[in-house]
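Here is a short note for a first look at the model. Please read it with the structure open.

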Amino acid sequence: MLTIPIYDTILLPEVTFYFKKEVIDGWNLEEFDVGDIMAFAMLREDIDITETTLEDIYPIGVSARIESIDSDGNVKVRTIERVSIIDMTRDKDGTIDAEVVTRPEIADMDEEDKKERFDKLKSKFLKFVQNYQWGLWARGFILQWKNINELACSMTGYYSVTWEEKYELVEVDSEAERFKLIEHLSYGFMELADVAEGAELEQQARNESLYREDAIKKQIEILQRELDEMHPENISDVRRFEKEIAESGMNETAEKEARKVLNRMKQEGQDGHEYGMLYDYLDFVTSLSWKNEDYVPIDLEKAEKVLDRDHYGLKKVKERIIQQLAVMALNKKQSGSILLFVGAPGTGKTSIGQSIADALGRKYVRISLGGVRDEAEIRGHRRTYIGAMPGRIMEGMKRSGASNPVMVLDEVDKLVRDYGGDPSSALLEVLDPEQNYSFTDHYMNVPYDLSNVLFVCTANSTDTIPEPLLNRMEIIEFPGYTATEKFQIAKKHLIPKAMKATGIKRKNMTVTDAAVRKIISDYTMESGVRGLKKQIETVMRYGAVQLVKGNDAKLSVKPANLREFIGHRGINHDIIDKKSIPGVVTGLAWTMAGGEILFIETKNVHGSGKVTITGQLGDVMKESVEIAISLVKDMYPVETRNMKNYDLHIHVPEGAVPKDGPSAGITIVTALTSLYTDRAVNPKIAMTGEVSLRGNVMPIGGLPEKLMAAVRAGVKTVFIPEKNVEDLEDVAEEVKKELNIVPVKSVKEVLSQVF
């Protein structure tokens, strides 16, 4: 018997259905006529019927007879009975023939009971469809049902059951059992549909209420906006913050926290005791710039001009800054090392940060860290504390009004660690490019992106900066200015600014070049120009008094009348002695204010071999004295054999100034040698270098500042450690021209050339 596989369609006996004559699931029926009988087999899975095998079908199907074929190709089929499919073969044309046997039904239902239950179920369906728009069409469809099998074949496609559960209706032999299954599925379908319809109606009502509420809110918002525009001074805090939060461009976490605080603020009301704290928080976070600034191409030529315009000298520093900007220009984003400018006060470390900001066209903000001892000063206070405030970093970001300012962290070497925490450790997250893209201030409690900020740090010395923090930065030394550079800075920058600040016109006052040079040499002692700036301002203030009094129409500041403007010389630099004295040698020292010469004075007096050290020397310098004594005893055993009968006194003026460091080692050795050999050292010779017990001269720091101090003091020859020769690149040419710089490896080299 010709067999047609079908899937997910239930066919039971005594059911009429229709299909197109040309094709049903890919089978051509051109050769069939009215009265022909065929079988329908149920596929286990939805597969290609041209590849169907016996294992792919369920064992029970139905037979059917073609009752009519109309002119439009519609085929009317009436099912006959259930059949068991025993075997199946495929012809050359692709059609399937199956060997089937009749599968009898078990007639175990009373006809009256069957009719009564069927009519009841049919009536239930007619009543059910009345609640739907498609109910009129469905009513006509339902009225055509003649038995329970037709109902099942028509409706099981809509029931939420599996294909296996549908096939169970075909498989069951008992009419009563099948009728019961169909009833169960049908009543369950209608009950579920009623529940869904009720839920849908309830949801629709809820949605309509929400739509109405939303429409009312929008109308209120429109009216409120019009009122705000008419009376901006009366806009409420809540409305203002809602608008600012929406327009701020915050990240998702920050916006969620801000709206949470805003809701608390609404509930609290203006009379609530937490209203002020909530207001301050929202005012702060909405004042920050959350949006990334548009990238602005970096013009290196412009940057060079800006740096040269604002700062004289500092060639090495400017070159390194230009390199940093070049890296940023190539990457089109903030990148490169964190710069740490190290040098004496007044050398331009902080002001060059402003120049970098001008060169980049960015905002500039400076944060002073000197004396900061509480970690919360960096990372903020948690809002659970009374008087909580954001940290200095985020406060600086607020002041800048941008997300990519140039931020100068001033005096990082003066952070203090105590019971309040370690602020230098808090800075690690701020300055680390791997972490600062999500920096979280405790006050804000939400991440903020600091990766676009160009951080510049300054310090007078690296000695007090913790190693982990120092490792995150690249040190750029500010060696200080020579007298010539100070002169140019005074002429080009300090004097014009001082005149502008005091309101003095150039036509009313002039400062001669000789007067400027005298101020530099006699009234300042620093590596920077801060003291020079103060002295020039003093000159201008005195001049302003004279001009206002009308004593002079025009003033001229010259060396001869400089004391009248400033007063007596405030600075007395140490200069070399004119005569040589055994036991006295000139050394070189680095101070926070720059370089200075340092006299090592030694003297032997009768005694018991005691060694006295004066001049407020630190532990390191005292150790240098002990090393020097051991070296001299070893090199000059004859000259030092009577040391036990004499007291040795070593003094380093000025006594009121604390001194420490290893670089005076070679100077102490030379002074003791001069003392015990009774040979004087030329006062125009100075030296610097640490010594070891083996007699080696080891490298020191601060060489540029020390050499400038030597020139200022009148020194002509300077001995330096050979390993410091590379540092001479950082020394100004005019300084090197004034000195005979002699690199040495050992103490013996120094002594052989000195004596």
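Is Asn 149 buried or exposed? Point 2 gives the reply.

1. Ground rules. This is a predicted model, in which local features need pLDDT of at least 70, side-chain atom pairs count only at pLDDT 80 or more, and totals for chains, interfaces and linings use all residues. Residues are numbered from 1 along each chain as its sequence is written, and side-chain values use heavy atoms, with hydrogens and water left out.

2. Asn 149. At 10% relative accessibility, Asn 149 counts as buried. Buried means under 20% relative accessible area, exposed over 50%, and partly exposed in between, with a 1.4 Å probe and protein chains only. Asn 149 is found in helix α3. Helices (H or I, at least four residues) and strands (E, at least two) are DSSP runs, numbered from the N terminus. Neighbours within four places in sequence aside, Asn 149 is in contact with Leu 12, Pro 13, Val 15 and Arg 178. Contact means heavy atoms within 4.5 Å.

3. β1 (2-6), β2 (16-20), β7 (74-90) and α3 (148-155) each supply at least two residues of the lining.

4. Strand β5. Five of the six residues of β5 (37-42) are buried, so the strand is largely enclosed by the rest of the structure. β5 pairs with β1 in the parallel sense over four bridges. There, Ile 6 has Met 42 of β5 as its bridge partner. Four bridges also join β5 to β6 (60-69), and these two run antiparallel. Met 38 stands opposite Ala 64 in β6. Strands count as paired if DSSP finds at least two bridges between them.

5. The five-stranded sheet. This open sheet has the order β10-β11-β14-β9-β15, with parallel pairing. β10 (364-368) and β15 (473-478) are the edges; each has a single partner strand, so one side of each lacks a neighbour in the sheet. Neighbouring strands are turned by 25° against each other on average, direction ignored. β9 (338-343) and β15 share six bridges, and Ile 338 is partnered by Met 473 in β15.

6. Helices on that sheet. α10 (315-331) touches β9, β14 (454-459) and β15, and its direction makes about 150° with that of β15. α14 (423-431) lies across β9, β11 (406-410), β14 and β15, at about 150° to β14. Axes are lines fitted to C-alpha atoms, for helices over the stretch in contact, and angles run from 0 to 180 degrees between N-to-C directions.

7. Helix α2. Which residues of α2 (135-143) are buried? They are Gly 135, Ala 138 and Ile 142. They cover an arc of only 60° around the axis, which puts them on the same side of α2. The arc is that of the directions from the helix axis to the C-beta atoms. On the other side, Leu 136 and Trp 137 are exposed. The buried residues of α2 pack against α1 (111-129).
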